[in-house]
Amino acid sequence: MTNASDSWTQAAAKFGDHLRQLRKRAGLMQEALGQKVGLSKSRISEIEGGKFRTPLDRDVVTAWAKECIQRAPKAPGGPSWLLAMDWWTAELERLMRLHDQLRDGQHDVSAGQAASVPQRAAGLLASYLKAARREAEKHPYLGIRCGDAPPLFEIYRPQFVRLRASGSPGPAPQRGDNHVGPLVPADEVLTNGSPICTVLGAPGVGKSSLLRRQMDTVISRLDDGPKEVEVPVLLPAVEWTGGLRLADALARYTNRELTPYGLSQDLDAGFFADRPRPGAAWLVLIDGLDEVVDAEQRQRILGAVATALADAHGLYRFVVTSRPLPDCELNRVGRLAPRYELEPFTPQDLPVFAESWFAAQQLAAPANLAQLFISALQRIGVADLARTPLMATMLCQLFADNPDEPLPASRGAIYGRFADLLQMRQYQPAPEKQAVRALDRYGKAACERGRDIIGALPRLVRYLAHQWHSGNRNSALRILANHPDVQRPEAVPQLEWEGFLTSCLRGSGILTSHAGNFAFLHQTFLEHFAACHATQDGEAQAHTFSRLFNDPEITQLLSTGSTSRSDVWDRTYWELMRLGVSYFGFLLDAAPDEDAIRVLSSLITVGGPDGCEIIAGLAQVGTRVPVPIIDAAAATLVDSACDTTSISGARVHAARTLCELDAARGTDLLASLAQEARLGIDPAEIDDILDEGEDLGSVLVDPNDARVTAAEYLAELGDARGADCLHSLAGDNALHSMFRIEAAQRLKGLGDARTADLLHSLVWDPTLDAPDRITAAASLEALDSQRGIGVLRGLAWDNRFPPFNRLVAAWYLAQFDEGTIADLLDDLAGDTSLPPDHRLQTTRWLSELGDGRAAHHLDDLPPGTHLGSLESDFPKLRVGRRSVGRVEADDG
């Protein structure tokens, strides 16, 4: 009896030979075809030789066949390639069924051959999932609690995200900027099926905890049955550097991290280069992109993500977390890839979190203690700062350690006292006796050197943080080995000395160690200690701030009172953006009050609105900013927002930044700007630019209608005037069509009840461009299915509508109305008012549905009809997202 393995081998060889003959008939070399379909030359050779045991992606093989068939010599008479594609689709489906049967063990496969592959893979997957779930349950920063940290699920509080707009070429916006939607549960956006999404958030806001929670949740669902179509795997971004392939990086990190949690066998790169189970994908959770210091390296990582999405054809889905980065960086994976901002705890979350933490530490009366804790936060004015999960965690421990002592009132002071607490806990008792014991046999000098190093350890930790923050990628031991105070005594062997240094670093209370690698408990701890090093004495502090603010040109500007922009300020601004508001805030917290005030004043005087934006960011992360500085920054922002000679977008941005410092004045200004006609862009100017084939962003300084942006900001801040302005702008035909639709989409994102009626009116508004009318119809379908389907059908049937846009309407309709789309396509294929290539496109779609009427329409087309540019204009037809009853066309 022929076993399944033999059947597969024969079928794969035959199928591969068919593909090879097809390629040769088209006159394509393997490398040229690979560039067209996204495969390497070696992979094409492997497929053509039938030497593949992993699934062939249907889309790839379909693209292969289509590319070759269209290039092959054609018989006269027209589009016969449609029938050829039907044959290839059937052949591919047959091969895939055979492959799936083999992989699922439905055939009698001899031992050691094909069946051993899925069985071994299933065993490895089970071991991986078990170990990954154990690891995910730990708190992401073990050192945050003395002793064993509580499982993450005991203290985790669900958080929310908000969709963020993209496309800004400048630095990352502050929290609250560029939002376009309401708050939604964070776990929902991680499982919404998008090929990639980015979750941005302030330092310590809970990004790593979110990913670990998602790991635990998805794996627990997998235990209940094969309901998930993806398996999660975590990868810190810093582990994907040096040009490693994704599968190699995943294998290396996973083996190192999960072995202590019970991973039974090392996973090779092939494990992550194949699907984890039939039909499933890997959900790759890339944590901390911002912790990759080099911007070019970050771009390489995002480029590798984009390549994996393009080449792997559904094998991977990505979630990337990071502190806010400029959109010009994030655009590397696509301008339309969704970006979300992770929100901190709500005021209602904070007491619940505190009670959970105190209970996890087994403290008496945790509920009462949580109320006392909240009162203590409110007394010193840091209740908002404590909404950041990491800050809440530290404050909870400081409070629990000494409830009668006032809590620190600034971010830098909180980190400083918490570091002292960790070090105190770690070094009890008798640190010298424990640390230098291994050096006794090498003499008195070695022991004295060891004691000196222990005494200098806080300073050495700050030095290490400074080196890492400055871009030194060497290991902790190598960096310290070059420090003059850590020279090895001649009597001590190298390995013994490294062992001593390792024990010292482990005992610091600030660093964690795993597999011989040290890291700070959290990126913000690295920044705090690096800032402490940079301001450790008057000389170091003067050097640090002079590098940023004591440039002779800035000094002259300050002395003359000039507020003009300069190249040197631009350099200063971008250097601050590179350093990050978090680190800069720690620098200011460590500086004497008079120096901090001088620096902050410089930001306002020289930097203007940009400097004020940095001040707003500093206040947001918890840096102590004196009230007079806040008032001066607010006044500067008011002047900027009211300056009618300034760029429209800059005026709106100034008003939005003002909301972070003075909510009442900021929202009033936004409401006024949303109704100021001079902020708009002349629709005729936009049309001229688009008619020339230019991109708006390359011609206009600000390619957005600032009134829509102002209204959106206002709405997100909870001001009812924002939604009213959006509704008014969407109906104003003095705005360009694209901005009217944008306003309607923003209103939809806010959940405004007026949106459906507004979208319906826009569909039938002849002053709107045809593509925007279709967008309105598709958006309406999401709110009111019956009306949306009706207007889409009405547009598709309307012979006054541009032919191409009638096809676009039909393409959208196919997703929503499976029951009647075939009849509509039949009507369009026979509609002689449409150009022949458009009728061919609808005939092709009809053929893909398996409708026999397609052959009749093919016969009616003029000889030689071909799709031309339509071939690349339409993605694959998606039919039947859901079935609905027949709806009459809405003729407006």
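**Notebook: loops, helix pairs and a cavity**

I began with Gln362, which sits in the loop between α14 (349-360) and α15 (366-380). The model I am working from is a predicted one. I read the backbone there and found a positive phi of about 60° for Gln362, although Gln362 is not a glycine. Most residues other than glycine have a negative phi.

The relative accessible area of Ala365 is 42%, so I put Ala365 down as partly exposed.

**Overall counts**

I took the totals next. I count 44 helices and nine strands in the protein. The protein has 892 residues, and 53% of them are buried. I also looked at how far along the chain the contacts reach. Of the contacts with a separation of 6 or more, 70% are between residues 24 or more positions apart.

**A loop histidine**

I went to His313, in the loop between α12 (295-312) and β6 (316-322). His313 is at 23% relative accessibility, which means that I list His313 as partly exposed. I checked one C-alpha distance from here: Ala281 is 32 residues from His313 along the chain, and their C-alpha atoms are separated by 9.8 Å.

**Helix pair α31 and α34**

For packed helices I wanted two values, the angle between the axes and the distance between the axes. Helix α31 (residues 663-673) packs with α34 at an angle of about 145°, and the axes are 8 Å apart. I recorded the crossing of α31 and α34 as left-handed. Which residues make the contact? On the α31 side I listed Thr667, Leu670, Ala671 and Leu673, and on the α34 side Arg707, Ala710, Tyr713 and Leu714. By class I sorted these residues into six nonpolar, one polar and one charged.

I followed Leu714 further. Leu714 belongs to helix α34 (residues 706-716). Its relative accessibility is 0%, under the 20% cut-off, so Leu714 counts as buried. Leaving out residues up to four places away in sequence, I found Leu714 touching Thr667, Leu670, Ala671, Asp719, Arg721 and Gly722. Among these, Thr667, Leu670 and Ala671 are residues that α31 gives to the helix contact. I also noted Ala655, which is 59 residues from Leu714 in sequence and 10.0 Å from Leu714 in space, C-alpha to C-alpha.

**Helix pair α35 and α36**

Helix α35 (residues 720-730) and helix α36 (residues 737-749) have axes 8 Å apart and pack at an angle of about 145°. The crossing of α35 and α36 is left-handed. From α35, the contact takes in Ala723, Leu726, His727, Leu729 and Ala730; from α36, Arg740, Ala743, Ala744, Arg746 and Leu747. I sorted the contact of α35 with α36 into seven nonpolar, one polar and two charged residues.

**A helix histidine**

I looked up His760, which lies in helix α37 (residues 755-763). With a relative accessible area of 16%, His760 is buried; the limit for that class is under 20%. His760 and Ala776 are 16 residues apart in sequence, and I noted 7.3 Å between them in space, C-alpha to C-alpha.

**Cavities**

How many cavities of 30 Å³ or more does the whole structure have? I found four. The largest cavity holds about 100 Å³ of space. I listed its lining as Tyr128, Ala132, Glu135, Ala136, Arg212, Met215, Val233, Leu234, Tyr253, Thr254, Glu257 and Leu258. The elements that give two or more residues to this lining are α6 (116-136), α9 (207-223), β4 (230-236) and α10 (246-258). By class I have eight nonpolar, one polar and three charged residues in the lining of the largest cavity.

Notes:
Residues numbered from 1 in each chain as written. Predicted model: local features only at pLDDT ≥ 70, side-chain atom pairs only at ≥ 80, totals over all residues. Heavy atoms only, no water. Axes fitted to C-alpha atoms, helices over the stretch in contact; angles between N-to-C directions. Helix = DSSP H or I, 4+ residues; strand = E, 2+ residues; numbered from the N terminus. Left-handed = near helix turned anticlockwise from the far one by under 90°. Contact = heavy atoms within 4.5 Å. Nonpolar A, V, L, I, M, F, W, Y, C, P; charged D, E, K, R; others polar. 1 Å grid on protein atoms, 1.4 Å probe; cavity = no way out; pocket = protein on both sides within 12 Å on 5 of 7 lines; lining within 4 Å. Points joined across faces, edges and corners; volume = space filled by probe spheres on them. Buried < 20%, exposed > 50% of the residue type's maximum accessible area, 1.4 Å probe, protein only.
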